[in-house]
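Hello,

Here is the structure for your files. My notes follow below it.

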Amino acid sequence: MLALDNVGKTYPNGVRALDGVTISVSPGEIVAIVGGSGCGKSTMLRVVSGLDQPSQGRVVLDGERIMSPHEKIGIVFQEPRLLPWLSVADNVGFGLADCPNDERRERVGRQVDRVGLADKARVWPRELSGGQAQRVALARALVTRPEVLLLDEPFSALDAFTRVDLQDHLLDLWADGKPTLLVVTHDVDESIVLADRVLVMRPRPGRIYEEIVTDLPRPRDRQSAAFDFAKRRVLAALDRSLDRSAVTDDGETRASTGAAMWW
Amino acid sequence: MWRDRRSNKHQLHPLSTQVVFPEQVMSLSLMTATAEQAATERGQGRNTLARFARPALGLILPLGLAAIWELAVRAGFSTGRLVPPPSVIFATFAELARTGELERHATATLARVGAGFGLGVVAGTVLGALTGYSGLVHRLVDPTLQALRAIPSIAWVPLFILWLGIFEASKITLIAVGVFFPVYLGVMGAVVSVDRKIVEVGRVFRLSGFAMVRRILLPAVMPAYVIALRSGLGLGWMFVVAAEFMGASEGLGFLLVDGQQLGKPAQIVAAIVAFAVLGKLTDWIIVAVATPFLRWEDAFARR
């Protein structure tokens with residue numbers, strides 16, 4: 001059980017990136033977080049991962065307060081962030097340094113196979129395509145069997161075909177160990193395909209604005225009417241969250257500088 | 001892969017020679033076909049030839065000039081007293097090698113460069129890594145080191161001689177100072193500019209300080225470090241000459257001074273050639289040792 005309790009984050013320059021975020025996510029649940037640029041969704045993910053500390057409130061996983069990166073929490077970034085001096089297999093096994101060699105080799109081999117890159121295990125990351133590299137990043141995060149996997153716009157840098165492909169692939173991988181998934185995205189389709197619950201965030205300061213339960217059977221048909229309906233609900237919520245009338249020009253500028261800090 | 005590209009270029013050569021002959025004027029496609037056929041026939045021989053012929057192109061200019069000078073002296077256009085012809089230089093070199101002189105001097109110089117380079121690299125690496133890693137150390141130490149760097153290192157010579165005497169200690173110190181700064185700057189710059197995103201990967205996997213250095217920072221700075229070592233070594237060879245000029249009874253630098261004072265230009269050139277060979281050789285050793293660690297690099301020009 002992952003819980004955020006009144007979490008807020010104010011950057012040293014005074015930008016309030018996150019304010020009073022309270023959510024709880026049950027084990028195995030897939031939650032998507034959508035919102036306009038600069039609404040604090042990536043900040044929230046970084047706070048949950050323990051890479052950043054909240055300025056107020058707390059993040060709790062299974063009764064344990066998260067203050068720094070935790071072994072039960074994995075993260076996949078927007079970029080693959082592979083270590084260029086390690087082969088694909090060694091990148092996947094990066095988090096298993098404490099494992100005995102045999103076990104590590106076995107688990108890495110299985111995970112590399114699982115993401116369909118068995119033939120690439122010995123090559124350098126520079127030889128991979130963008131989609132392949134992101135698969136390796138997924139494998140690296142999953143091989144440690146985290147309870148919670150955070151994904152920060154994981155497929156946004158990929159072309160449309162690869163993206164759809166990897167979304168299905170992610171769900172397939174998720175089914176293996178059913179970790180909790182927290183996916184930040186600005187792709188509404190992606191949020192509906194993946195999530196049980198979509199949280200729409202609102203900027204300045206970043207907070208949860210609306211919660212939409214998708215309630216669609218899996219596997220989800222991207223062409224179905226129910227899919228379209230869910231999508232329209234999220235889009236409508238997004239529209240409301242970005243209610244332009246409430247925003248002054250000044251506020252717009254401030255938020256965008258805040259966003260630039262970590263993007 | 002690049003080798004294939006090279007051989008392709010070579011396959012074009014027969015084509016261009018054929019165009020010259022008017023009786024061979026024919027349709028372009030036929031011409032190309034002939035050329036390709038000829039190239040495949042000679043393909044194997046040409047590949048090996050191309051591999052050695054390319055680097056050999058660079059030798060044409062120096063060897064040509066040497067040959068011209070040799071002929072000029074032989075023909076009596078010059079006495080070759082101040083600018084000895086290659087044959088005389090070679091003879092001097094062979095003589096120095098035969099008597100064991102060359103070995104003695106080269107060993108002395110190599111020992112000085114080795115000791116100075118070792119000290120400079122260790123100090124430069126440690127301080128560069130510390131100042132790169134810790135902001136506090138950087139603020140404490142870097143301004144002083146940058147100020148010291150601004151001093152031409154040769155300016156230290158009198159002080160080093162007063163402090164350390166005229167023998168090995170002052171020479172090795174001077175070389176170490178020369179090697180220190182490029183290594184320090186290179187390491188510090190490389191550590192500071194390690195991608196934050198990669199460091200975050202280390203943090204996500206909860207690497208401790210030492211593991212972070214070993215598994216993330218060290219490999220990440222490796223390419224820049226090799227360059228820092230090479231430029232440090234270059235300066236080491238530069239400063240060993242300065243050190244040996246200031247009073248030495250052996251060493252290649254001594255051969256230079258000795259050759260000047262006794263009017264033996266061939267000996268000077270022989271010593272210079274020895275410097276060139278040793279400098280290139282030691283640089284090559286660094287590259288050869290480092291190459292296996294840098295195979296992952298995704299660089300503009302991969303060798």
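At what angle do the axes of α5(B) and α11(B) cross, and within what distance do they come? They cross at roughly 125° and come within 7 Å. Axes are lines fitted to C-alpha atoms, for helices over the stretch in contact, with angles from 0 to 180 degrees between N-to-C directions. The two helices are therefore oblique to each other (under 35 degrees is roughly parallel, over 145 roughly antiparallel, 65 to 115 roughly perpendicular, the rest oblique).

A caution on the source: this is a predicted model, where local features need pLDDT of at least 70, side-chain atom pairs count only at pLDDT 80 or more, and totals for chains, interfaces and linings use all residues. Residues are numbered from 1 along each chain as its sequence is written, and chains are lettered from A and ligands numbered from 1 in the order in which they are written.

On α5(B), the contact uses B:H105, B:A106 and B:T109; on α11(B), B:L252, B:G253, B:F254 and B:L255. Contact means C-beta atoms, placed from the backbone, within 7 Å. Helices are DSSP runs (H or I, at least four residues), numbered from the N terminus.

Helix α11 of chain B spans residues 252-261, and its buried residues are B:L252, B:G253, B:L255 and B:L256. Buried means 20 or more other C-beta atoms within 10 Å of the residue's own. They lie on the same side of α11(B), because they cover an arc of only 160° around the axis. Their cover includes α5, α10 and α12 of chain B. B:G263 follows α11(B), with a positive phi near 65°.

Between chains, 14 residues of chain A contact 11 of chain B.

Best wishes

Definitions and conventions: A residue is buried if 20 or more other C-beta atoms lie within 10 Å of its own, exposed if 12 or fewer, and partly exposed in between; C-beta atoms are placed from the backbone. The arc is that of the directions from the helix axis to the C-beta atoms. Two residues are in contact if their C-beta atoms, placed from the backbone, lie within 7 Å.
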